[in-house]
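Work through the exercises below with the sequence and the 3D view open. Try each task before you read its solution.

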Amino acid sequence: MPHAEPVDAGTPHAEPVDAGTPHAEPVDAGTPHAGAAVARPYPRVSEAPPGNPGAAPAPAATGIAALSLRHQIAAAFALAVVAVVACVHLGMVFLHVAPSNTVTKQHGRAIDEWIYPEFEQNWKLFAPNPLQQNIDVQVRARIRTTDGGATETGWYDLSALDGAAIDGNPLPSHTQQNELRRAWDFYVGTHDNNNRPVGLRGDLSERYLRRVVLLRLDREGAGGRGSVVERVQVRSLTTNVRPPKWSDEQVSDQPVLRELPWWTVPEEDLADTRTTEASAR
């Protein structure tokens with residue numbers, strides 16, 4: 001039977017240390033242990049509002065709310081004007097394309113003045129008999145030169161100039177393609193064969209065509225620098241498109257000439273032309 005050794009109560013008993021296990025040193029919770037990773041607090045994104053530490057920060061204002069009161073009023077007024085104009089325009093277009101009704105009978109003139117010529121609706125793309133003619137629009141002018149003399153230009157082939165600008169251009173402008181053609185169609189549709197206006201839009205179509213050709217003459221430098229266009233004359237050469245070889249249709253290949261009378265150019269048209277060209281440059 002093994003002999004039990006007495007234990008001295010006055011001496012702390014030393015616990016045996018296992019050589020295979022590293023001895024764990026006590027760690028002070030208030031002091032980082034050497035060699036251990038120290039956790040760092042995340043940076044503070046924003047301060048809480050003073051007086052209310054627990055409240056979340058107020059989000060920053062964006063859009064119109066970020067503007068001053070005066071600018072908010074101006075922006076709201078501008079948006080209201082745009083909305084009203086858009087509603088009026090949609091209403092006018094709807095009444096223009098809608099069947100005849102009480103409103104169009106009473107206010108047809110106002111509707112036409114709003115729509116023509118810029119917003120005219122044209123459904124020829126879906127017509128069963130599309131256009132089968134080449135229409136060549138030309139213009140000439142009587143010019144007052146800077147020395148007080150008068151001269152007459154030759155014919156400017158405006159359709160040929162538009163065609164040359166479009167040829168080879170993958171993205172031609174709407175003006176190059178349609179402005180001159182639509183102006184001529186507008187005039188022909190509101191005048192008889194004797195060039196007398198038919199309906200209420202005859203005078204409007206004449207003024208529109210005259211201003212279009214004035215802009216083109218000014219762009220081409222008709223008469224030279226400083227000269228003034230006093231009168232203009234427009235004509236058209238209409239030639240039928242030849243039918244395909246497999247068709248039995250017979251059409252004339254002779255051009256039909258339509259020559260309009262000379263128009264005196266009002267001073268207001270000349271002023272509008274100068275203003276338009278200056279803004280375009």
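**Exercise 1.** List the buried residues of helix H5.

*Solution.* Remember that this is a predicted model. Buried means under 20% relative accessible area. Apply that cut-off along H5. The residues that pass are Gly202, Ser205, Leu209, Arg210, Val212, Val213, Leu214, Leu215, Arg216 and Leu217. Now check the span. H5 covers residues 202–219 and has 18 residues. From its first C-alpha to its last, H5 reaches 26 Å, close to the 26 Å expected at 1.5 Å a residue. After H5 comes Gly221, with a positive phi near 70°.

**Exercise 2.** Find the salt bridge between Arg207 and Asp203, and say how far apart the two residues are along helix H5.

*Solution.* Start with the distance. The two side chains meet at 3.1 Å, N to O. Next, count along H5. Arg207 and Asp203 are four residues apart, so about one helical turn separates them. Here is the general rule. An α-helix has 3.6 residues a turn, so residues three or four places apart point the same way. Arg207 is partly exposed because its relative accessibility is 29%. Asp203 is partly exposed too, at 47%. Salt bridges with shared partners also link Glu206, Arg210, Arg211 and Asp269 into one network.

**Exercise 3.** Is Asp269 buried or exposed? Which residues does Asp269 touch, leaving out those up to four places away in sequence?

*Solution.* Asp269 sits in helix H6, residues 267–280. Its relative accessible area is 0%, so Asp269 is buried. Then look around. Asp269 touches Arg210, Arg211 and Leu214. With Arg211, the side chain of Asp269 makes a polar contact of 2.9 Å.

**Exercise 4.** Which helix gives the most to the nonpolar patch?

*Solution.* List the members: Phe77, Val81, Val84, Val85, Val88, Trp114 and Phe119. Helix H1, residues 69–97, gives the most, with five residues. One of the patch residues, Phe77, is in H1 and is exposed at 58%.

Key. Residues are numbered from 1 along each chain as its sequence is written. This is a predicted model: local features need pLDDT of at least 70, side-chain atom pairs count only at pLDDT 80 or more; totals for chains, interfaces and linings use all residues. Side-chain values use heavy atoms; hydrogens and water are left out. Buried means under 20% relative accessible area, exposed over 50%, partly exposed in between (1.4 Å probe, protein chains only). A polar contact is a pair of N or O atoms within 3.5 Å; within protein, one must be able to donate a hydrogen and the other to accept it, and residues adjacent in sequence count only if both atoms are side-chain atoms. Contact means heavy atoms within 4.5 Å. Patches are made of residues with over 30% relative accessible area and no salt bridge: like charges are joined within 9 Å, nonpolar side chains (Val, Leu, Ile, Met, Phe, Trp, Tyr) within 5 Å. Accessible areas come from the Shrake-Rupley method with a 1.4 Å probe; for residues, only the protein chains shown count as cover. A salt bridge is a side-chain nitrogen of Lys or Arg within 4 Å of a carboxyl oxygen of Asp or Glu. The expected span of a helix is 1.5 Å times one less than its number of residues.
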